[in-house]
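This report goes through selected local features of one structure, from backbone geometry to helix packing. The sequence and coordinates come first.

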There are 2 protein chains.
Amino acid sequence: MTHEAGIPLGISFRLLSDTPQDAAARVVNDVVVGDYRDLATLRAFAKGCDVITFDHEHVPTEHLRALEADGIPVRPGPGALVHAQDKGVMRARLTSLGVACPRHRIVTDPADVVRFADEIGGFPVVLKTVRGGYDGKGVWLVRSEEDAGDAFRAGVPVLGEERVAFRRELAANVVRSPHGQAVAYPVVESRQVDGVCDTVIAPAPGLAPELSAQAQETALRIAGELGVVGHLAVELFETEDGRVLVNELAMRPHNSGHWTQDGAVTSQFANHLRAVLDLPLGDPRPRAPWTVMANVLGGAYPEMYPAYLHCMARDPGLKIHMYGKDVRPGRKVGHVTTFGDDLDEVTDRARHAADYLRGLIDE
Amino acid sequence: MTHEAGIPLGISFRLLSDTPQDAAARVVNDVVVGDYRDLATLRAFAKGCDVITFDHEHVPTEHLRALEADGIPVRPGPGALVHAQDKGVMRARLTSLGVACPRHRIVTDPADVVRFADEIGGFPVVLKTVRGGYDGKGVWLVRSEEDAGDAFRAGVPVLGEERVAFRRELAANVVRSPHGQAVAYPVVESRQVDGVCDTVIAPAPGLAPELSAQAQETALRIAGELGVVGHLAVELFETEDGRVLVNELAMRPHNSGHWTQDGAVTSQFANHLRAVLDLPLGDPRPRAPWTVMANVLGGAYPEMYPAYLHCMARDPGLKIHMYGKDVRPGRKVGHVTTFGDDLDEVTDRARHAADYLRGLIDE
């Protein structure tokens with residue numbers, strides 16, 4: 001999707017891909033297949049690149065520092081990116097900045113989890129490995145010392161957090177360029193099912209203007225303080241008592257910003273590229289009163305084509321974005337977007353298409 | 001741009017390109033470099049393609065018939081495409097269908113041009129080679145027998161046409177699929193400078209509803225009668241006496257439809273692909289009251305990058321589409337699009353950016 005956004009800007013890509021079957025490798029014309037965890041591979045890849053950016057945050061921080069030391073512009077830089085890679089570093093830094101977060105601390109073993117639970121008023125406690133988790137992986141909701149064992153099995157440091165009583169999840173997406181220009185997209189509501197983002201509604205319905213402003217300001221402040229270059233997604237909890245707390249950070253185009261491809265004047269992908277290349281940023285404003293994005297997850301049927309035809313025929317205004325991935329149950333293989341004036345109608349259309357493509361409904 | 005539109009649809013391309021430097025060859029990942037006039041090249045290229053389509057109409061009709069005979073789906077097929085390749089065939093067919101065209105006939109030599117001028121009430125006469133012309137090339141406005149010599153020099157049959165007294169030029173863009181589904185985009189005004197499209201305004205300002213409907217119906221009828229599959233652009237004259245006459249046909253995404261990338265629910269590129277693959281067509285409706293597209297022509301300065309930065313900074317809502325072509329004076333190297341509620345403002349923004357990028361203005 002970043003390549004797609006780069007075409008009209010005249011931007012050429014070289015892609016480092018795990019495998020030739022990677023979704024991006026199917027559409028980019030200069031593909032290097034290699035392991036992003038290997039510094040020699042990264043160094044050879046980086047030769048001749050004007051700038052390096054990412055579509056995930058798993059490249060080891062120390063390798064990115066080595067590339068930077070070689071004189072390769074890495075955007076976002078490792079000094080910023082580490083806050084999206086390591087939840088322990090992120091929580092410590094945000095707390096030092098006075099940004100509201102769930103109560104948290106690093107926990108060392110199950111007995112320490114019990115002590116942490118006592119500190120915050122009792123179980124349940126959320127445990128997260130500080131690195132490597134996503135889409136609900138590397139996250140445990142535990143109610144006892146016995147429950148806590150799994151989180152420590154990987155040998156990765158573990159962060160304990162209070163379970164926040166939240167009304168809903170929000171995301172504040174902002175983009176910042178090296179010279180400090182920044183734009184903020186409307187704050188969105190992100191609905192999760194089984195730890196995976198299911199539906200994003202832009203803007204978040206009924207969000208109090210002061211909370212919306214606070215969420216945008218928080219995201220812009222984090223981007224500035226951490227020196228983020230490119231797209232920053234700040235995932236937030238809107239608490240039952242009317243606060244916004246930071247949940248996670250992502251420093252790349254993010255699922256909560258996919259709606260911008262069809263719903264904003266400038267997409268998150270275009271603005272990420274504009275930021276990474278230090279071009280002036282584009283207008284982040286929405287193009288319709290409501291835009292809804294629904295993720296398409298793989299269902300029981302590996303062949304999605306007949307469903308794809310049905311959805312296109314049923315709703316000519318539906319925007320379909322398939323990733324060219326093989327269908328596996330529960331895997332994100334695409335998303336759909338709808339936009340219009342009536343929130344219920346726009347939501348129903350997006351949910352219908354996503355559910356039909358997954359095989360959850362057949363009419 | 002067709003590749004760009006194909007990415008979200010999950011469509012993979014193989015590109016036959018004249019040179020590795022071709023704009024499309026820079027972004028597509030499966031490129032065959034070869035001569036589209038060579039049947040053996042075309043046959044080798046076509047192996048393994050599900051369907052063949054075009055971004056120009058210069059592939060020889062007989063080669064396309066040979067591919068069709070080999071069982072390769074060619075869309076639009078040669079039986080339709082010949083009407084966009086050969087202006088003589090096009091005029092004869094449209095006339096037989098009763099579609100209003102400028103008065104015309106094939107002329108054999110300068111003396112015959114004089115006879116044709118007499119038949120239509122005198123000079124000037126427009127001469128066009130029946131094949132190979134575009135952007136004002138292969139077209140002559142002649143006022144005498146002596147003037148007429150140039151048109152016959154290439155040895156290609158020449159069509160004579162009356163010079164139409166027109167208020168303005170319009171274009172009706174429609175898309176038709178193999179099973180006969182069709183959609184019509186709003187009729188646009190196309191402003192030409194020196195025979196090259198300069199600005200397109202969607203929808204055509206102040207166009208009488210009955211002329212708009214007539215233009216759309218004419219385009220849909222031509223698409224149906226000729227068996228067009230894919231995008232059909234019908235370039236029209238709106239005459240001073242209130243008629244619409246067909247000027248040219250193009251059977252591919254067309255400059256007069258570039259506005260749809262940013263201005264319509266479904267772009268001409270996406271709908272061309274949907275048609276060519278016999279997928280249900282997408283909604284052609286406009287997303288804003290006014291969308292204006294201005295072509296970016298190369299100017300005196302080969303380096304356009306500083307101007308590009310200036311335009312992005314000046315107008316964050318400007319949509320820039322660069323083609324990755326080397327800049328040469330007068331060459332179409334990109335286009336810009338603006339949209340909004342106020343026609344004058346939207347037009348001024350697009351014209352400013354195009355003129356600035358060309359180096360015609362410096363503030």
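Helices (H or I, at least four residues) and strands (E, at least two) are runs in the DSSP assignment, and they are numbered from the N terminus. With that numbering, B:Pro124 sits in the loop between α6 (110-119) and β4 (125-129) of chain B. The structure is a predicted model.

**Cis peptide bonds**

The bond that leads from B:Phe123 into B:Pro124 is a cis peptide, its omega being near 0 degrees. In chain A, the peptide bond from A:Phe123 to A:Pro124 is likewise cis, with omega near 0 degrees. A:Pro124 belongs to the loop between α6 (110-119) and β4 (125-129) of chain A.

**Positive phi in chain A**

Two aspartates of chain A deserve a check of their backbone angles. A:Asp194 is not a glycine, yet its phi is positive, at about 55 degrees. A:Asp278, also not a glycine, has a positive phi of about 55 degrees. The loop that holds A:Asp194 runs between β9 and β10 (196-202) of chain A, while A:Asp278 is placed in the loop between α10 (268-276) and β13 (290-297) of chain A.

| Residue | Relative accessible area | Class |
|---|---|---|
| A:Asp194 | 75% | exposed |
| A:Asp278 | 32% | partly exposed |

A:Asp194 counts as exposed because its relative accessible area of 75% is over the 50% cut-off.

**A buried loop proline**

Is A:Pro186 buried or exposed? A:Pro186 is buried, because its relative accessible area of 16% is under the 20% limit. This proline lies in the loop between β8 (182-184) and β9 (188-193) of chain A. Beyond its neighbours within four places in sequence, A:Pro186 has contacts with A:Ala171, A:Pro203, A:Gln216, A:Trp259, A:Pro284 and A:Pro286. Between the C-alpha atoms of A:Pro186 and A:Val174, which are 12 residues apart along the chain, the separation is 9.0 Å.

**Domains of chain A**

Chain A is split into domain 1 (2-85), domain 2 (103-162) and domain 3 (166-358). Taken over C-alpha atoms, the centres of domain 2 and domain 3 of chain A are 28 Å apart.

**Packing of α4 and α5**

Two packed helices are described by the angle between their axes and the distance between the axes. In chain A, the axes of helix α4 (residues 78-85) and helix α5 (residues 87-96) come within 6 Å and cross at roughly 105 degrees. That angle makes α4(A) roughly perpendicular to α5(A). On the α4(A) side the contact is made by A:Val82, A:His83 and A:Gln85, and on the α5(A) side by A:Lys87, A:Val89, A:Met90 and A:Arg93. By class, the residues of this contact are three nonpolar, two polar and two charged.

B:Cys311 is in no disulfide either, and its nearest cysteine sulfur, that of B:Cys197, is 18 Å away. B:Cys311 also counts as buried, at 2% relative accessibility.

Terms used. Residues are numbered from 1 along each chain as its sequence is written. Chains are lettered from A and ligands numbered from 1 in the order in which they are written. This is a predicted model: local features need pLDDT of at least 70, side-chain atom pairs count only at pLDDT 80 or more; totals for chains, interfaces and linings use all residues. Side-chain values use heavy atoms; hydrogens and water are left out. Axes are lines fitted to C-alpha atoms, for helices over the stretch in contact, and angles run from 0 to 180 degrees between N-to-C directions. Angles under 35 degrees count as roughly parallel, over 145 as roughly antiparallel, 65 to 115 as roughly perpendicular and the rest as oblique. Contact means heavy atoms within 4.5 Å. Ala, Val, Leu, Ile, Met, Phe, Trp, Tyr, Cys and Pro count as nonpolar, Asp, Glu, Lys and Arg as charged, and the others, Gly among them, as polar. A disulfide is a pair of cysteine sulfur atoms within 2.5 Å. Buried means under 20% relative accessible area, exposed over 50%, partly exposed in between (1.4 Å probe, protein chains only). Domain bounds come from an automatic or database domain assignment.
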